[in-house]
Structure formats: structure tokens, C-alpha cells
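Have your viewer ready and your selection tool at hand. We will take a walk through one chain, stop by stop.

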Amino acid sequence: MTANTTPSTAPEALEADVCIVGAGPVGVTLACRLAQHGMKIAIIDRADLPPLERPGFDGRAYAISAGSRHLLEDAGIWAHLPMQACDIREIRVTDGRPGRPPSRLFLEFGPEDADEPFGAMIEARALRVALNAALYATPGVRVFAPDEARVTRHADGAVIHTASGRVINARLVIAAEGRRSPLREQARIPVTRLPYNQCGIICAVAHERPHEGRALEHFLPAGPFAQLPMAPTPDYPNLSAVVWTESEKVAYRQAELPHEAFAHEIRRRMGDDWLGALTPVGRRWVYPLSAQYAQRYVDTRLALVGDSAHGMHPIAGQGLNLGFRDIMALVDILGDVHARGGDVGAPDVLRAYQARCRPANLLMLAATDMLERVFGNDNPVLRVARDVGLAAINRITPLRRGFARQAMGL
């Protein structure tokens, strides 16, 4: 919230250029990159970070675009991954119905469409380990976790009081808290929400035949079904992640099915048996799906990033990657201002960030929303139109490569 106060001058006060609230993938990556530009960074999270390093496989993974991978490499995070990632080298986009073969009209991206892999799959536990390691190894970053922040913002700066008793004076506060951002609510920034009345089922499957780095996006009437290649583990030499969309009632019912019945439902939605016999492994996760966007990304001495600013349907796998694009823009802008000795929290700096990111993010949100509505139904006219559209893009090489580069974040 804003208040007419002056920065604390208490001896124990910590001076920071930027204070980041939220130590998820977006917040940590931003902290590391800003510190690399010589800024003093404080980062605060309610959770104790080391316990987030889950040692056991739980079925969750992140799809990291090529552009996001470059960012994680630059931030020093990629080098700390404790297990290998799996490159995505092919992507096939198909249309169909459960229990039936996919349409013969499809879109496929292959090695000829890009100079590098389209992205990579990382286990969630591996990324968390790497984030924690990079965060504590990066000079210029002070970590407060578990801790909570009470933020007072004013025209000249911000004062952050932590529950542990620390006081931080910062030029800028960045909310990286997720969709229910308390800082966004305190700033009274309106949010528009688009409910889908759907849930995503997330799990992993071991399979008989190797995936060869191929990902599948199979559009079904209830929503998209995605198979994403994962790196082998000692227990599972052939492994893929599954993200599958259903209506809310159906999703919870499916997720609670006995093992064999659940495997049968996955096979019905796969479209064909190119992976051979399937065995679900790890936990099954069910998440409600919706889209939302903040009416603005900035307020006095405050910027929103990642899910605090926007959230979208996972149909194109761009949610986290869009947050990483926020970081790329913000680091570019703040790094230049800091190098010139400017004020990183000044109004014109924040307006520049919003102008660079919000229009592009809204365009991506609109595109994913349209994809869900066009592909997530069984209208026969739309089925023909979308199948022909996929085949047309597949035949036009420059257009296909343009779509690939956009999805790669390049």
C-alpha cells in the first residue's frame, strides 16, 4: 500500500535496489539476473526453501522453451540442475476423439524448423534444487525465507518490514507471488478472470518404446491432451509427462480411477499406440484451469511479474515461459537504468516495462483462449476447418517455422 512515510534510517536497515516478494521460478531467476547486473537484491518467501527440494519423483515437470532455457543458463540456474533435462526435438499437433485414431491432417515441427531443440522438459524437483542452489550462490542476493513482508510504498521508495524483524529499504518492489498476489491486491490493481470450468490432470507415464524427443499435442472435444518427453530415470528408461484437460467433474473422477482403468483412459486419449504399453507412475495432480490478467502491471514503486500479472490456459504450454519473458524485459530495462545511475523504481521506468510486456502478453492470452475455444469442442464444421488449417500450416514452411520460433520464445 502507499503511505506518506520516509525510508527507515534504523541501523539494522538493509539497503536494496530491488526487493522481490516470491521465490518461485520467476522470482528466483529475476533475483539472480538483476544481481548479475550489480544490483543489491532482497528476496522474501513465506516458505522455507530447502524443504521444497522433494527427493522423490512425483510426476510434475516444466516445459521450458528454448528462449527460457537461455535465460536460465544466463542466470546460472541451468548448471545446477541435479539431473538431466530432456530436449524436445519434434512436436506433433493432431486432432481427434478419445478412443479413435487422430485425424490424418496434422501439423508437425521437426529439426528442420529450428537450429536448436524447441525446448526441454525438467522435473519440478530438479528445477527447485537448481533454483535454491543458484539463489544462495549468487553474490548480491539476500534471502529471507521463511519470512513474510509488510510493504509500505511511497513516491521516493519502499520500506519492507519482515516478520523476522528486519527492515529493508528498496527502490522497487516486485510481486512474484503467483495468481493470488497480496501485493497486487494491496495496490488495488483490478484483475479480469476467465473461468474455463476445466481442470488439468498432470501425471507421468512409463512406456514401452522410446519417445525420441517427440511431444504430442492432441486436441480432443473436452480439451487438449499433451504428452511431453522426459529424461530417463533409473527406474523408468522411457518416461513422458502427461497434461490432460477435462471438465471439473470428469477430471476428479478420472484422477481417482484404479491404476489399470486410469492407464486405459490415457491410452484412449493418446490417439495411437506409438509409445507402446503405458504405465502411470508417480502422483496424479488435478488443477483448476482459468485465465486472468491484471489491468496494469505497475503501481507506485511496484511491478508485477509472472502469474501475479497474468495467467493463461496451459493449451500452448506458455504460462511459465511468459513469466520468463517478463524477466527478460525487466532485466533489460532495469539493467540499463542501473548502469546509468538512474532510479530503477521511477515511474517512467515502470511505464516502459508495462508498455513492452503487457500488449504482447495480452495477445498471447487471447491466442491461447481462442485455441481452447476453437479446438475444445466437437462442432463438425469447426473440426474440418481446424484440421485443414493445421495441414495448411504444415505445408507452408516459412509459416510453420515462424510459429516454431514464436513458441520457442526467440
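The tour below starts with the whole chain and then moves through its strands and a helix.

**Before you start.** This is a predicted model, in which local features need pLDDT of at least 70, side-chain atom pairs count only at pLDDT 80 or more, and totals for chains, interfaces and linings use all residues. Residues are numbered from 1 along each chain as its sequence is written, and side-chain values use heavy atoms, with hydrogens and water left out.

**Stop 1: the whole chain.** Color by pLDDT, the predictor's confidence in each residue, from 0 to 100. The mean for the chain is 88, and 89% of its residues reach 70 or more. Now select residues 1–5, where pLDDT stays under 50. For this stretch the model has 12 contacts beyond four places in sequence, a contact meaning heavy atoms within 4.5 Å. Where pLDDT is low, the predicted coordinates should not be read in detail.

Switch to cartoon view and you can look for 10 helices and 19 strands. These are DSSP runs numbered from the N terminus: helices are H or I with at least four residues, strands E with at least two. Of the 410 residues, 52% count as buried; buried means under 20% relative accessible area, exposed over 50%, and partly exposed in between (1.4 Å probe, protein chains only). Among contacts in the chain with a separation of 6 or more, 75% are between residues 24 or more positions apart.

**Stop 2: strand β1.** Select residues 14–21. How many of the 8 residues of β1 are buried? The count is 7, so to speak a mostly covered strand. Cys19 is buried, with a relative accessible area of 0%. Two strands pair if DSSP finds at least two bridges between them. Look for Glu15 opposite Asn169 in β11.

**Stop 3: an open sheet.** Now show the 8 strands in the order β6-β5-β13-β14-β15-β12-β16-β19, which form an open sheet with mixed pairing. β6 (107–109) and β19 stand at the edges with a single partner strand each, so one side of each is left without a neighbour in the sheet.

Some pairs to zoom in on:

- β13 (residues 214–220) and β14 (residues 223–230) run antiparallel, joined by 5 bridges; Glu217 stands opposite Ala226 in β14.
- β12 and β16 run antiparallel, joined by 14 bridges; Cys199 stands opposite Pro288 in β16.
- β16 and β19 (residues 310–311) run antiparallel, joined by 2 bridges; Tyr293 stands opposite His310 in β19.

While you are here, select Cys203, which is buried with a relative accessible area of 1%. The structure holds 0 disulfides, a disulfide being a pair of cysteine sulfur atoms within 2.5 Å.

**Stop 4: helix α5.** Select residues 248–255. Which residues of α5 are buried? They are Val250, Ala251, Gln254 and Ala255. Seen down the axis of α5, these fall within an arc of 125°, so they line one face of the helix; the arc is that of the directions from the helix axis to the C-beta atoms. Turn to the face away from the buried side to find the exposed residues Lys249 and Arg253. Finally, show what covers the buried residues, including β12 (191–207), β15 (239–247), α6 (259–270) and β16 (278–294).
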